[in-house]
Every structure is written in C-alpha cells, then in structure tokens.
Amino acid sequence: MTKLAALAALAMAIGAGPAAAQIARSSDAPVDITADSLEVVNNECMSIWSGSAEALQDRTRLRADVLKTFSKRGPAKAGSQGSSCGALERMEAIGNVFYVTPQQRVRGDHATYDVTTETIVITGDVVAVSGQNVIRGSRLVVNVSTGDAQMEAGSKGAGKARPRAVIYPQEQSGQPSARR
C-alpha cells in the first residue's frame, strides 16, 4: 500500500466512527481535524497533527500545538499484511490547549479525549471560564456526554494550591452581573 493510500485509509478510519467520537456534547457530527502538517504512523495506528492543530465538531473546538489521534487496532483485511486501524480511540492535545464550547472556554497544557468514556481530561494550569465565572485548578475532567465536570488541584490542605473559583451569582446567560 502506498503511503498516500495508507494516509487516506487512516483518514477514513478516523472518520469511520463519528457516532463514537464526540468532542461536542450530544453530537454525532463528524470530527474535522486540521493542522500545519500531518504524520501517520500506521504501525501504531497513530496520526500526529502538528502546528495550530484543531479538531472541530459542531461548534465545539479542541485546539493545541499538537493533536495526536489513536485508532483501535483491528484484524488484518483479506489480502493485506498485519492489522488494520479502525475507529478513533483517543485524542491527545499537547501544548496551549483550548477546549471551547458555545458556553465555556477551558485552557490547559495537556488534554486527553477518551472516546470510550466520553471524557476529556485537561491538565496543567487549567482555567475554565463561563461568562464572567472563572475556575482554576490543575486537572479538569469533563464528561462530554453529560456536561458534568470535576476540577482538582495537585495538592490538598491549607496553604496549598487548591481549586479556586470566582462566581458571579447574579449573572444571567450572556449578560454581566451588576456590581454591588
């Protein structure tokens, strides 16, 4: 198989499981990935999207310096050697990570999206913003199916870095709260 054919096969495999790949909540739209360059490593069922990489599904974006996608390894196809790569299994975002939905913006250093658990784990100096509300921590786990989230810090106890939030209780959707 030529490299171009292998690249096309992997690209098709990545798009083969749109119902399972969901970076946007309750969406079965295809995941559109772009970057400055793409490297495919067939033996590892991996593709590396480098340079302003971005995965887009509906109005949800996952951006980073580098996005790595990992596909499930499947049985060899008739007449070919070795195994084939199947549907998307997970995606890793490395460096200057931004996860942006219509309602929220999250920034971090590293993120892993797991298709099976439908979760995105964002680590590093994590900042989540929704309207004027801001939450900071070192690890954020988001269930993209339910929208549930959990923020953690690397340490516990007084004087240690802990999750911190600034919340405007009177804020309404899209409108800043009045100062008191």
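Which side chain meets Glu54 in a salt bridge? Select Arg61: its side chain and that of Glu54 meet there, at 3.0 Å from N to O. A salt bridge here is a side-chain nitrogen of Lys or Arg within 4 Å of a carboxyl oxygen of Asp or Glu.

Before moving on, some ground rules. This is a predicted model, in which local features need pLDDT of at least 70 and side-chain atom pairs count only at pLDDT 80 or more, while totals for chains, interfaces and linings use all residues. Residues are numbered from 1 along each chain as its sequence is written, and side-chain values use heavy atoms, with hydrogens and water left out.

**Stop 1: the salt bridges**

Stay on Glu54 and Arg61. Glu54 is buried, at 18% relative accessible area. Arg61 is partly exposed, at 34%. Buried means under 20% relative accessible area, exposed means over 50%, and partly exposed lies in between (1.4 Å probe, protein chains only).

By the salt-bridge rule, the count comes to 4. Two others among them are worth a look.

Select Arg107 and Asp125. Their closest N and O atoms are 3.5 Å apart, in a salt bridge. Arg107 lies in strand S6 (residues 105-114) and Asp125 in strand S7 (residues 119-130), so this pair ties together parts that are 18 residues apart in sequence. Strands (E, at least two residues) and helices (H or I, at least four) are DSSP runs, numbered from the N terminus. Arg107 is partly exposed, with 29% relative accessible area. Asp125 is partly exposed too, with 38%.

Now select Arg90 and Glu92. Their side chains meet in a salt bridge of 3.3 Å, N to O. Arg90 is partly exposed at 27%, whereas Glu92 is buried at 16%.

**Stop 2: around Glu92**

Keep Glu92 selected. This residue is found in strand S5. Show what Glu92 touches, leaving out residues up to four places away in sequence: Val66, Leu67, Lys68, Phe70, His110, Ala111 and Thr112. Contact means heavy atoms within 4.5 Å.

**Stop 3: the nonpolar core**

Where do you find the most contacts inside the largest nonpolar core? Select Leu62, Leu67, Met91 and Tyr113; the core has 25 residues. A nonpolar core is a set of buried Ala, Val, Leu, Ile, Met, Phe, Trp, Tyr and Cys residues joined through side-chain atoms within 4.5 Å. Colour by element next. S3, strand S4 (60-74), S5, S6, S7 and S8 each give two or more residues to this core. S5 gives the largest share, 5 residues. In soluble globular proteins, nonpolar side chains tend to be buried together.

Zoom in on Leu67. Beyond four places in sequence, the residues it touches include Ile33, Trp49, Glu54, Leu62, Met91 and Glu92.

**Stop 4: the disulfide**

How many disulfides does the structure hold? It holds 1. Select Cys45 and Cys85, joined S to S at 2.2 Å. A disulfide is a pair of cysteine sulfur atoms within 2.5 Å. The pair links distant parts of the chain, 40 residues apart: Cys45 sits in the loop between strand S2 (37-41) and strand S3 (46-57), and Cys85 in strand S5 (residues 84-100). The link is left-handed, with -85° about the S-S bond. Cys45 is buried, at 1% relative accessible area.

**Last stop: Gln132**

Select Gln132, in the loop between S7 and strand S8 (133-143). Gln132 is partly exposed, at 30% relative accessibility.
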